[in-house]
Amino acid sequence: MALATVSLETAASLEEIVSVLRRTGREIVGSDGIAVVLREGDAVHYAAEDAIEPLWRGSRFPLTDCISGWCILNGQTAIVPDIESDPRLPRAAYRMTSMRSLVMVPIGVPDPVAALGAYWCASVIPDDATVCRLEALAQQAAAALARMRLLTGVTGSQASGKPAGP
């Protein structure tokens, strides 16, 4: 976690922040996969991943059709021990993978601009410490995004791809 903290403290761009999360998240939580998901208007973009198999890197989904969108819209962590039993998930998309459990956390509270997801191939209920580590990593990413916006003068909407409001 210390390496991620230092790397996020020195990150100067959205690309660097996403890269740090992709490189460090999986090891920090002991998952089989990690995904960094950015909000882009009414959709999410799976910007980066590190997983034992390809997941959805590069894909875009409507906010209302996926767990990362739910997490962003509600500003809450989602813990899903079994993807087959959670109505917030597009089950068909997950059936094409070996992933069976996940935790998705918002990045940027109270106004999330992204989400960080950890995936497991087994049906597991992640312990509180694992969820806390993932949430702490997301909080550090949110702080890095805030610093970046201050340094560059970029608004939250521009940094996350959300359209600026009227």
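Begin by selecting serine 13 in this predicted model: its relative accessibility is 18%, so the residue counts as buried, the cut-off being under 20%. Serine 13 sits in the loop that joins α1 (2–10) to α2 (14–29). Display its side chain together with the backbone nitrogen of glutamate 16; the side chain reaches that nitrogen at 3.1 Å.

Apart from neighbours within four places in sequence, leucine 21 is in contact with Leu8, Ile34, Val36, Ile107, Leu116, Leu137 and Ala141.

Now widen the selection to the largest nonpolar core, which has 32 residues. Ile17, Leu21, Ile107, Leu116 and Leu134 are the members with the most contacts inside this core. Colour by element to see which ones give two or more residues to the core: α1, α2, β1 (33–40), β2 (43–51), β5, β6 (114–120) and α5 (128–152). Among these, α5 gives the most, with nine residues.

In soluble globular proteins, nonpolar side chains tend to be buried together.

Finally, centre the view on methionine 99, in the loop between α4 (91–95) and β5 (101–107). Methionine 99 counts as buried because its relative accessibility is 0%. Show its surroundings: with neighbours within four places in sequence left aside, methionine 99 is in contact with Asp32, Ala51, Ile52, Glu53, Leu55, Ile83, Tyr94, Tyr119, Trp120 and Cys121.

Key
Residues are numbered from 1 along each chain as its sequence is written. This is a predicted model: local features need pLDDT of at least 70, side-chain atom pairs count only at pLDDT 80 or more; totals for chains, interfaces and linings use all residues. Side-chain values use heavy atoms; hydrogens and water are left out. Helices (H or I, at least four residues) and strands (E, at least two) are DSSP runs, numbered from the N terminus. Buried means under 20% relative accessible area, exposed over 50%, partly exposed in between (1.4 Å probe, protein chains only). A polar contact is a pair of N or O atoms within 3.5 Å; within protein, one must be able to donate a hydrogen and the other to accept it, and residues adjacent in sequence count only if both atoms are side-chain atoms. Contact means heavy atoms within 4.5 Å. A nonpolar core is a set of buried Ala, Val, Leu, Ile, Met, Phe, Trp, Tyr and Cys residues joined through side-chain atoms within 4.5 Å.
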